[in-house]
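Dear colleague,

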Amino acid sequence: MTQDARFMAAAIALAERGRGRTAPNPNVGCIIVRDGRVIGRGWTQPGGRPHAEAMALAQAGASVEGATVYVTLEPCAHHSIRGPACSDLLVAAKPARVVAAIVDPDPRTAGAGFARLRGAGITVVEGVLAEAARRSMAGFLIRQAQGRPRVTLKLAMSLDGMIARANGESRWITGAAARAHGHLERSRHEAILVGRGTVEADSPRLDVRLPGLEERSPRRILLSSSSGPSAWEAITAPSEIAALAGVDHLMVEGGAQTAAAFLRTDLVDRLLLYRAPILIGAGRPALGDIGLNSLAEAHGRWKMTDSRMLGIDRLEVYERA
């Protein structure tokens, strides 16, 4: 791995700290390096400000001149009442190089940030670890391109694809490690959605129960034609997720008909499949009808991006092919 790639990987890791907390702004990471040593680092803070570059520049102080700045997204070029443009901050700080992963698709910046830096004599390198950065900021990028949040569908099931026994018993299919990972995933989403049947059968809390992350519990959304419990929001169709303000990452947790509805309308971008080493037999399947007209339609839709053991359970992560 080259030095540029190594420091960009670290910046992407920092960006992950803000995922699910920065909407409508992207979760960006930034590292400033001088003579091979990190002198400043930052990531977009909750609510979208300060930006990652502003945080890293404040930490580095007067040492930025001649340094290299690694940032996962093109520095913004538009002015805001909430703070100055990051490209202007960088021009004033005078680094020798700015290494960025991807161009900002926001039309207010979209290349203008890079142009401003180059106009000030700063070397700009684009495209370093671009795919990893896109995956990290997928919620923001999908919102920009499609006007809706990125949707992750989570399914915890037995080896034979069941999410509960025939009588509805489902606690617990997976073990403690898999459930903890599920809570970590919740903390990286602004909102979590279930169907009416799940609410009535399980009375789910849908919060984050990991020490230190409790305040990152997502907003609770109900897919139903009627209102949900107190403090819940309700939508009547999957297409209405586009109107969820401040939500760039949405997790769908159940049940089978709700999961199928999102797949049937082609609104799922990512699958989290937790498989427990058990067989249930006659039970409740993980999915209902997803609208396939032929088996051929099922192929080529998903690519695996991660697979790991969580205790005795296996996690598989798939994204749109």
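What volume does the second largest pocket have? The second largest pocket has a volume of about 450 Å³, where a pocket is an open set of points on a 1 Å grid over the protein atoms alone at which a 1.4 Å probe fits, with protein on both sides within 12 Å along at least five of seven lines, and a volume is the space filled by probe spheres set on the points.

This is a predicted model, in which local features need pLDDT of at least 70, side-chain atom pairs count only at pLDDT 80 or more, and totals for chains, interfaces and linings use all residues. Residues are numbered from 1 along each chain as its sequence is written, and side-chain values use heavy atoms, without hydrogens and water.

The second largest pocket is lined by 21 residues (each with an atom within 4 Å of a point), and Leu263, Leu271, Ile290, Arg301 and Trp302 are the closest to its centre. By class, this lining has 15 nonpolar, 1 polar and 5 charged residues (nonpolar: Ala, Val, Leu, Ile, Met, Phe, Trp, Tyr, Cys and Pro; charged: Asp, Glu, Lys and Arg; polar: the others, Gly among them).

The largest pocket holds about 1,100 Å³ of space. Of its 39 lining residues, Ile163, Ser170, Thr198, Asp202 and Glu253 are the closest to the centre. The lining comprises 16 nonpolar, 13 polar and 10 charged residues.

As for the helix pair, Ser87, Asp88, Leu90 and Val91 in H3 meet Gly113, Arg116 and Leu117 in H4 (contact means heavy atoms within 4.5 Å; helices are DSSP runs of H or I, at least four residues, numbered from the N terminus).

Notes: Helix = DSSP H or I, 4+ residues; strand = E, 2+ residues; numbered from the N terminus.
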